[in-house]
Every structure is written in structure tokens, then in C-alpha cells.
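Me: I have a structure open and would like to go through it piece by piece. Could you walk me through it?

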Amino acid sequence: MSMYGASPETAYALTKTKSAFKNTYAGLVAAAEAELPVEVTIIITKHNIEELDEMRALVRDLGFPFKEFGSISPTYTGSGSTLDSQTPGYLDKSAIFQGCLAGHTSFHVDPHGNATMCKVGRENPLHLITEGPEALLRLPEIADAQMLRTGGCSGCKLSSTCRVCRPMAKVYQAAKAPLSYYCQHGNKEES
């Protein structure tokens, strides 16, 4: 499950959904009471950076493990605005991308019942309401296809040391972000 804030106001600032915090927290409490194996993803954005310690404390108090991401910023507008919510100090450009199990061991479901490999890789969504949970069996193949170095990354000689997954690179490319935000080729442009 993802956490976007430690208060209703902060979660609303990003999601524009009045019940986002209340429903997320109620779901986490229910999952803790049912002893479900949940890992929480704390999404760090300019909207919630002031509540980062509080988000960590909420998750710890429920006994769940968590990971923090400053590069994954969801968009609820359908535009390239995902980059507008990022907090530059939390963008990790040092770690080499080692692969991802999204779509294999985890997945993302939006409020409309569309399942995708993750919050970023949203191509070929599976509509769980009409297709049922068995549709999730197709998700690993969809995820693998989204990880291929295509488009602006085809034939890149630096791909073995790339810092971002292909779905995230596509988000940056669609937003016309400077290469230095996500690509080592951009480092050459800065020097």
C-alpha cells in the first residue's frame, strides 16, 4: 500500500481525493489487525516532505516494513505533472537500477480497479472488476514488456549502468525533462 501523507490535508494536496488519507489509514489498520503481509511504500513529494517522519512513525506503529521513494511521483491528472511533485533532495541518481519485481511479486491498483505493474508502469492495465483476479496471471508478461529498453533508450550503450527503470525513463521523456534528471547521457550535457 502507498502512503502519500500523515494527515488528510497532505494526502489531499497530492491526490485531490478528500478521503485518501482516511481510507488508506483504515486499510492499513485493518491489514495489521488481520496480520496481512503488507509492505508500505512511502511516496516522498513536495506535498508531504514536512510529514515524512510522521508517515514513518504511523507505519512503524502498525508494525509494517516500508520503503521510501522520491523518484516515484504519481499523477492523478493524466498529464506529465508527475515530475512537478518530486522533491529534488530525494531523487536517487546514484544507485544502478538492478531490476524490479513489479508485476511479478507486487502490483498497483488504482481507484477504478485497473491493475498495473506499478504506479509508474501503467501500460496495458487489467480491469479487475470486469476481468476478475485471474487477469493478474497476465501481469508478469506485461511487466517484462514494459521493462525493455525501447523508444529513446533503444541501443543505449550505458543501459547496463542505468539509474532508472524503463517506465520511469518514459515518464521523464514524455515530460521533456532534461536528460540530467534521469540519464547518464545528461551528465555529459551538464559538464
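**The sheet and its surroundings**

Reply: Three strands make up an open sheet, in the order β1-β2-β3, with parallel pairing. β1 and β3 stand at the edges with a single partner strand each, so one side of each has no neighbour in the sheet. Two strands count as paired if DSSP finds at least two bridges between them; helices (H or I, at least four residues) and strands (E, at least two) are DSSP runs, numbered from the N terminus. This is a predicted model, in which local features need pLDDT of at least 70 and side-chain atom pairs count only at pLDDT 80 or more, while totals for chains, interfaces and linings use all residues. Residues are numbered from 1 along each chain as its sequence is written, and side-chain values use heavy atoms, with hydrogens and water left out.

Me: How many bridges pair β1 with β2?

Reply: Strand β1 (residues 2-3) pairs with β2 over two bridges, in the parallel sense. Ser2 stands opposite Thr41 in β2, and Met3 has Ile42 as its bridge partner there.

Me: And which strand is joined to β2 by four bridges?

Reply: That is strand β3 (residues 66-69), which runs parallel to β2. Ile42 stands opposite Glu68 in β3. Between β2 and β3 the chain passes through helix α3 (residues 52-62), and this β-α-β crossover is right-handed. The term means that, with the strands pointing away from the viewer, the path from the first strand over the helix to the second runs clockwise.

Me: Are the faces of β2 covered or open?

Reply: Both faces of β2 (residues 40-43) are covered, with Val40 and Ile42 buried on one side and Thr41 and Ile43 buried on the other. Buried means under 20% relative accessible area, exposed over 50%, and partly exposed in between (1.4 Å probe, protein chains only). In a regular strand the side chains alternate between the two faces of the sheet.

Me: Changing topic: what does Thr10 touch, beyond its neighbours within four places in sequence?

Reply: Thr10 is in contact (heavy atoms within 4.5 Å) with Tyr4, Gly5, His47, Asn48 and Glu51. Thr10 lies in helix α1 (residues 8-15) and is buried, with a relative accessible area of 10%.

Me: Which side chain makes a polar contact with that of Thr10?

Reply: The side chain of Ser7 does, at 2.9 Å. A polar contact is a pair of N or O atoms within 3.5 Å; within protein, one must be able to donate a hydrogen and the other to accept it, and residues adjacent in sequence count only if both atoms are side-chain atoms.

Me: How many aromatic pairs does the structure hold?

Reply: The structure holds one. The ring centres of Phe21 and Tyr25 are 5.9 Å apart and the planes are at 10 degrees, so the pair is stacked. Rings of Phe, Tyr and Trp (its six-membered ring) pair if their centres lie within 6.5 Å; planes under 30 degrees apart count as stacked, over 60 as edge-to-face and the rest as tilted. Phe21 and Tyr25 are four residues apart in helix α2 (residues 20-33), which means about one helical turn separates them. Phe21 is buried at 15% relative accessible area, whereas Tyr25 is partly exposed at 27%.

Me: Finally, which residues of α5 are buried?

Reply: In helix α5 (residues 139-146), Leu139, Ile142, Ala143 and Gln146 are buried. They lie on the same side of α5, because they cover an arc of only 100 degrees around the axis, taken from the directions from the helix axis to the C-beta atoms. The buried residues of α5 pack against β5 (114-116), β6 (126-127) and α6 (166-174).
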